[in-house]
Amino acid sequence: MHLKALALASVIFALPAFAQNAPAPVATLAKAVDIPFQTFTLPNGLRVIVHTDRKAPIVAVSVWYDVGSKHEPAGKTGFAHLFEHLMFNGSENAPGDFFEPLKQVGATDYNGTTNFDRTNYFENVPTAAIDRALFLESDRMGHLTGAITQAVLDEQRGVVQNEKRERDNQPYGLVSYKLFEGLFANHPYGHLPIGSMADLDRASLADVKTWFRAHYGPNNAVLVLAGDIDLATARAKVTRYFGDIARGPDSAPPVVNVPTLVAPVSETMQDRVAATLIVRSWAVPGLNDPAAPALDVAGAVLGGMAASRLDTALVRREKIAVSASAGYSDMAQVGMFSINVVVREGVDPLVVGRRIDAILADLARTGPTADEVQRVVAQAVAGRIRGLEPVGGKASALAQGALFSDDPAHYKAELAALAMQTPASVKRAMDMWLTRPAYSLTVVKGERGAYAEAVVPPKVEVKAAPETPVLGRRGPLPAVGALTGLTFPDVERARLSNGIELIYAQRGAVPITRLSISFDAGTAADVAGRLGTQQLTLNLLHEGTTRLNGIQIAEARQRLGAAIGTGFSPDRTNVSLDVPSANLAPGLDLFADIVRNPAFAPAEVARVKTQQLAGIAQELTSPDGIAQRVLPRYAYAEGSPYRKASGGGDPAAVAKLTRADLIAFQQAWLRPDKAKIFVVSDLPLTAVRAAIEARFGDWTPVGAAGVKTFAPAGDVAQTAKIVLIDRPDSPQSLIYGVQRVGLPGSIELLPYTVANDALGGSFLGRINMDLRETRHWSYGASGSFQRNIGSVAYILRAPVQADKTGPAVAAVRQDIADYLAAKPMTPGEFSRAINGGIRALPGSFESSYAVLGAMQQNDLLGRPDDYFAGLTRRYEALTLPQATQAIRSVVDPARMTWIVVGDAKVVKPQLDTLGMPVEVLAAASVTGMPVIPVRPIAAATSGSETK
């Protein structure tokens with residue numbers, strides 16, 4: 001380091017953290033953590049929890065079953081997760097896809113997940129649709145097996161296996177298997193919920209029906225209703241729909257211990273990754289153990305906070321790693337404590353491993369400081385407050401407490417136990433659990449081993465099950481009652497004394513203030529020839545100001561329970577603050593310092609630049625990372641500033657960036673005359689404006705403002721072709737279809753999005769239903785209009801199993817062609833899109849995050865602040881012919897470019913049959929440097945897990 005730089009760094013690091021305003025005591029924040037509830041239990045054993053929250057006319061319905069992968073015997077791994085999928089494919093009195101009747105009533109946030117300990121299903125529905133939701137949930141609880149056919153089993157087995165391929169196909173995607181097998185060998189927690197291909201192959205119709213009868217009775221479930229409902233109403237409705245369901249066998253948790261390795265175990269595996277990963281793991285107690293909160297603190301102090309011990313030492317000071325993290329994962333009966341460090345290029349992993357061990361040993365010997373413990377608690381309390389705003393979050397907290405701890409209010413006990421931790425208690429837990437032998441795994445660059453593929457046995461004709469569906473036995477699906485329309489909060493506008501516009505809405509559900517400074521910059525403002533300048537600038541904002549260094553910033557943020565982030569879209573660059581309103585003043589002190597006074601200290605520029613370059617290298621090993629770097633070339637016309645989007649940037653250009661480059665970008669783009677401030681808070685506008693005025697009202701720009709130039713939106717010249725990017729050893733191919741549609745971003749897109757709902761815009765869209773449900777070649781496929789101010793593109797995404805890549809492209813092209821011509825949108829599909837869109841509105845803006853995003857979107861597109869309040873009228877005025885004409889006018893599969901990331905030796909022969917030119921590239925060609933074609937390819941010789 002140069003002496004001048006060293007002197008600057010020393011001055012910055014020596015300054016104390018400033019605080020014109022002290023943080024509110026954690027005890028004050030904790031008073032806001034409360035979810036009042038009432039309970040009752042049906043005679044059949046179903047436990048029901050009710051929380052009343054009238055802020056929006058919606059109810060969260062959450063059903064948690066006491067069954068997860070830990071209940072699976074040998075040879076039946078993946079059954080709990082497979083059954084989660086099966087329960088979405090219709091029940092005896094509600095045949096067909098479970099999502100169809102939910103979308104019709106405007107449900108939001110509906111899905112299911114499976115983990116080691118439980119399976120849950122959830123949906124938020126308008127209050128008037130609660131009967132329908134309860135009918136559907138009760139029917140699949142009590143009347144499912146007659147609807148499970150061999151065809152349904154085969155379909156969902158294929159979907160689950162593609163979910164597994166999609167996860168396994170990621171860099172480091174096989175690490176979790178090694179960790180759990182290494183720590184929990186021959187143990188109920190020794191396999192992942194996604195299961196093995198072989199066990200999924202062997203699952204029979206009899207197996208899955210036996211599995212259902214053993215685990216999914218009402219006595220093994222917890223039902224939570226949270227939102228616009230009261231106890232009396234809930235009791236009557238739950239009794240009506242669930243009361244006649246018979247009890248099942250009681251689910252018994254497996255007998256488990258916390259295993260201890262006899263001696264340290266160290267293994268190495270190869271993967272197609274960009275950097276070496278070092279993992280240290282220990283099996284530890286689960287969430288109900290007295291040691292759990294201490295281990296939680298230990299994980300956060302060691303590697304779970306921005307100013308953690310590992311990050312400070314390995315990444316910031318010694319610069320031998322590009323990232324370092326640690327944490328405690330609390331499952332119901334056991335837990336896992338893990339350390340993950342990505343080694344910097346050129347550094348010996350053995351050196352890094354020794355430093356990891358030394359830092360851990362030092363923390364175990366001395367324990368954390370009192371300040372470290374308090375920062376962990378402040379962050380945890382603030383996080384819990386944020387989680388209390390959506391009714392679905394509250395429902396999950398209550399259900400988890402009831403199922404795992406026999407106490408719906410266990411979240412309070414957790415926070416109380418966390419607040420009682422001391423350096424001594426954390427040290428005791430570390431002495432007991434983290435001084436035992438560790439399982440260590442090092443992942444290095446290299447070719448992957450052979451992938452364990454599915455070998456589904458030949459289809460066997462199965463005699464119809466005796467319990468065939470008896471449709472209508474429980475009557476028709478309940479109708480939807482009178483719906484309450486959307487009430488979007490009033491949006492007010494004001495200005496600071498320097499002219500910065502303040503756009504504000506008040507929401508009082510939780511005492512949180514969420515604020516975003518939106519700059520007219522974005523990807524379109526990145527520096528031509530120096531792509532990655534914007535991202536490096538943003539990455540450095542929280543790494544030091546003229547008053548605080550990065551560690552001091554992180555510590556101050558944690559004491560406040562605040563979240564400060566940066567981000568960008570094609571059109572805008574944002575710096576955001578999310579803080580308990582009691583800490584708004586000190587939060588704004590810190591936030592303003594970060595935005596207005598970045599230091600760009602030379603030592604930090606060099607370090608963060610190295611991290612960004614490592615991130616680019618990681619992008620080039622990821623299917624989506626590779627595709628996203630190529631996609632803008634085809635989504636936007638020649639000369640469009642949106643073509644600058646290139647992941648973390650051009651590595652050659654990033655390597656040359658200087659402090660002066662970053663200061664120039666900041667002064668040109670992150671300046672007051674390009675800024676608008678958006679706020680959603682429980683505090684009144686007068687208080688919010690005064691607080692922001694005090695920190696930003698005197699901010700003035702420096703130098704000339706940056707300028708963006710846009711190509712005409714109408715330039716849509718494009719011919720069909722395939723760009724194949726070779727990624728060897730990929731069990732799955734990632735397909736993107738890209739088309740410029742020639743629309744300006746300011747256009748009203750509603751006719752186009754409604755028309756697309758039945759093609760690619762929803763789970764029930766034809767593309768997804770074809771590739772996933774009919775052919776079961778994919779875990780999920782979708783298509784949508786991507787809108788920016790300057791232009792709109794239509795983009796499809798479909799990960800598919802490698803051996804079906806060519807047929808999948810052909811199938812999607814045919815799906816689109818049919819939709820635009822012979823098989824257009826039907827009246828039923830149109831009705832579903834319109835009804836679902838209107839009825840979902842009240843639940844779409846439940847959270848202040850959603851309101852804040854809507855305010856920014858309206859402003860960006862020049863729409864009135866009350867745009868969403870009038871959206872129902874726009875839906876109702878739209879006709880089917882208008883929607884059909886809209887999508888026919890812009891989407892054309894004959895002008896679509898197909899980007900495929902996959903194993904070229906497997907995929908290219910398939911693509912060659914489609915009648916389009918195929919251009920084959922190496923992954924190195926997408927770095928921003930000249931395209932590097934690969935050598936010709938020889939002809940081939942022959943899951944938490946979610947729905």
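Predicted model: local features only at pLDDT ≥ 70, side-chain atom pairs only at ≥ 80, totals over all residues.

I started with tyrosine 121, which is buried, with a relative accessible area of 0%.

Next I looked up ring pairs and got a count of 30 aromatic pairs. I picked out tyrosine 65 with tyrosine 121: the ring centres are 6.0 Å apart and the planes stand at 80°, so I noted the pair as edge-to-face, the cut-off being over 60 degrees. Tyrosine 65 belongs to strand β3 (residues 58-65) and tyrosine 121 to strand β7 (residues 119-126), so this pair ties together parts 56 residues apart in sequence.

Then I checked phenylalanine 88 against tyrosine 121. Here the centres are 5.5 Å apart with the planes at 55°, so this pair goes down as tilted. Phenylalanine 88 lies in the loop between α3 (79-86) and β4 (90-91), and tyrosine 121 in strand β7, so parts 33 residues apart in sequence are tied together. Phenylalanine 88 is buried too, at a relative accessible area of 1%.

**Aspartate 97**

Which residues does aspartate 97 touch, leaving aside neighbours within four places in sequence? I found Phe88, Phe763, Leu764, Met769 and Glu773. Aspartate 97 is found in the loop between β5 (94-95) and α4 (99-104). Its relative accessibility is 13%, and I count it as buried because the cut-off is under 20%. A polar atom of the aspartate 97 side chain lies 2.8 Å from the backbone nitrogen of phenylalanine 99.

**Charges over rings**

I looked at two arginines. The charged end of arginine 235 sits over the ring of phenylalanine 40, 4.6 Å from the ring centre. Arginine 863 lies over the face of tyrosine 867, with 3.8 Å to the ring centre.

**Strand β21**

How many residues of β21 (residues 732-740) are buried? I got 9 of 9. In a regular strand, side chains alternate between the two faces of the sheet, so I checked each side. Gln732, Leu734, Tyr736, Val738 and Arg740 are buried on one side, and Ser733, Ile735, Gly737 and Gln739 on the other.

For pairing, β21 runs antiparallel to β23 (residues 792-801) over 9 bridges, and arginine 740 has alanine 793 as its bridge partner there. β21 also pairs with β24 (residues 897-902), antiparallel over 5 bridges, where leucine 734 is partnered by valine 901.

Definitions and conventions
Residues numbered from 1 in each chain as written. Heavy atoms only, no water. Helix = DSSP H or I, 4+ residues; strand = E, 2+ residues; numbered from the N terminus. Buried < 20%, exposed > 50% of the residue type's maximum accessible area, 1.4 Å probe, protein only. Polar contact = N/O pair within 3.5 Å; in protein donor to acceptor, adjacent residues only side chain to side chain. Contact = heavy atoms within 4.5 Å. Phe/Tyr/Trp six-rings, centres within 6.5 Å; stacked < 30°, edge-to-face > 60°. Lys NZ or Arg CZ within 6 Å of the ring centre and 35° of its normal. Pairing = 2+ DSSP bridges.
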